[in-house]
Structures are given as C-alpha cells and as structure tokens.
Amino acid sequence: MVKFETSRLRCHSLTLEDYAVFESGREPNWIDFTNPYKHLIEGPNPLPHRISRIKKNPEFAEIGLFLAVEKATKELIGSSGFHDFPDPNGMIEIGFGIVPGKQNNGFGKELLNGMWKMISARPDVKILRYTVSPTNSPSLHIIKSLNFNLVGEQIDDKDGLELIYELPIKTYLQSI
C-alpha cells in the first residue's frame with residue numbers, strides 16, 4: 001500500500017484484498033474512516049476498470065486507485081487514480097472524483113497535487129496528463145489554474161469529447 005498526506009487529506013492506495021472485496025459486491029471494512037457518502041458504492045466509479053487492470057497486473061494496485069480521507073472528519077470524500085503505468089514516453093494519465101457534498105472546497109486540486117507529487121518520485125514519469133470534458137467547468141478551472149497545456153482532444157467511448165491537457169513533470173515540480 002502506498003500512502004501520502006496533504007494538508008487536509010490522508011490518502012492511500014487500495015490493497016489487493018480491497019479490490020477483491022469490491023469485486024465480490026461488498027465494501028471493505030474500513031477501520032480508520034467512514035464512508036457516509038457511499039463513495040465507490042453508489043453512482044459511477046472507476047472500480048470496474050481498475051479491477052480488470054489489477055487482475056492482469058497486481059502491481060498496478062500501487063497506483064490504480066487512492067482513497068482520499070478528510071483528516072478533520074475521518075470521512076472518505078473522494079478518490080483518484082492513474083489509468084495505467086507510464087507509457088514509453090513517460091506520460092501518465094490521472095482521474096479523480098470528489099463526492100458532491102465536498103466539491104468546490106479545493107479538495108480536488110489538493111488531491112491532484114498530492115497524487116502528482118507522489119508519482120513524480122518515479123523515474124519513469126515524465127509527463128502528467130489530464131483529460132476533461134469541455135463542459136466540466138470545475139475541472140477545467142482546476143487544470144487551467146495549474147498551467148497545464150491544452151495539447152489536443154479525443155473521443156472517449158464512454159464520456160464523448162475530452163480535452164487533453166499535459167505538463168512536463170519538471171515544469172510541474174518547479175511550479176509547486
């Protein structure tokens with residue numbers, strides 16, 4: 001399990017056992033926090049995609065999905081994860097979600113920064129990527145505030161049109 005903290009969040013990757021429990025249709029027994037918002041239980045979530053990746057390569061569990069627990073309340077308020085290992089160019093793509101009741105409080109940006117700081121320790125990571133729907137104003141605000149560069153667009157089978165933002169890891173680390 002990989003762990004890191006930000007000023008308001010404690011974050012840790014899911015274990016192989018956590019993935020197995022989720023795959024069986026149950027929620028793991030959390031000891032140090034609660035899940036009052038039913039994050040990853042109700043509504044859309046990345047678990048189906050992450051579980052299939054873990055089955056192919058158990059090492060992916062270390063970067064596949066991280067839980068974000070608010071320190072003050074000890075509540076699970078979101079999650080973030082990487083879509084895959086870095087590609088041959090060193091590009092790694094991230095996704096994240098904050099429960100609706102905790103959005104617009106800076107948690108998304110804080111979680112993204114924590115994830116990127118953590119993953120920047122890997123020597124194979126050279127480029128950070130974030131894709132977002134052009135209609136997702138809150139996420140566009142976050143990524144633009146971090147000075148990521150719009151490098152193109154793509155059509156996602158599930159989400160439709162997405163804008164592709166990237167930033168070299170060296171540039172990101174110099175900006176924090």
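Leaving aside residues up to four places away in sequence, S13 is in contact with M1, V2, A61, E62, L65 and F66. The structure is a predicted model.

**Setting of S13**
- S13 belongs to strand β2, which spans residues 9-13.
- The relative accessibility of S13 is 1%, so S13 counts as buried, the cut-off being under 20%.
- A polar atom of the S13 side chain lies 2.9 Å from the backbone nitrogen of V2, and V2 is also among the residues that S13 touches.

**Helices α1 and α2**
- Helix α1 (residues 16-23) packs with helix α2 (residues 47-56) at an angle of about 125°, and their axes are 10 Å apart.
- The two helices, α1 and α2, are therefore oblique to each other, and their crossing is left-handed.
- From α1, the residues L16, Y19, F22 and E23 meet L47, R50, I51, I54 and K55 of α2.
- Sorted by class, this contact of α1 with α2 comprises six nonpolar and three charged residues, with no polar ones.

**Helices α4 and α5**
- Helix α4 (residues 107-119) and helix α5 (residues 137-145) pack with axes 10 Å apart, at an angle of about 50°.
- This angle makes α4 oblique to α5, and the crossing of α4 and α5 is right-handed.
- On the α4 side, G108, K109, L112 and W116 meet I142, I143 and S145 in α5.
- The contact of α4 with α5 has four nonpolar, two polar and one charged residues by class.

Methods
Residues are numbered from 1 along each chain as its sequence is written. This is a predicted model: local features need pLDDT of at least 70, side-chain atom pairs count only at pLDDT 80 or more; totals for chains, interfaces and linings use all residues. Side-chain values use heavy atoms; hydrogens and water are left out. Axes are lines fitted to C-alpha atoms, for helices over the stretch in contact, and angles run from 0 to 180 degrees between N-to-C directions. Helices (H or I, at least four residues) and strands (E, at least two) are DSSP runs, numbered from the N terminus. Angles under 35 degrees count as roughly parallel, over 145 as roughly antiparallel, 65 to 115 as roughly perpendicular and the rest as oblique. A crossing is left-handed if the near helix is turned anticlockwise from the far one by less than a right angle, and right-handed if clockwise. Contact means heavy atoms within 4.5 Å. Ala, Val, Leu, Ile, Met, Phe, Trp, Tyr, Cys and Pro count as nonpolar, Asp, Glu, Lys and Arg as charged, and the others, Gly among them, as polar. Buried means under 20% relative accessible area, exposed over 50%, partly exposed in between (1.4 Å probe, protein chains only). A polar contact is a pair of N or O atoms within 3.5 Å; within protein, one must be able to donate a hydrogen and the other to accept it, and residues adjacent in sequence count only if both atoms are side-chain atoms.
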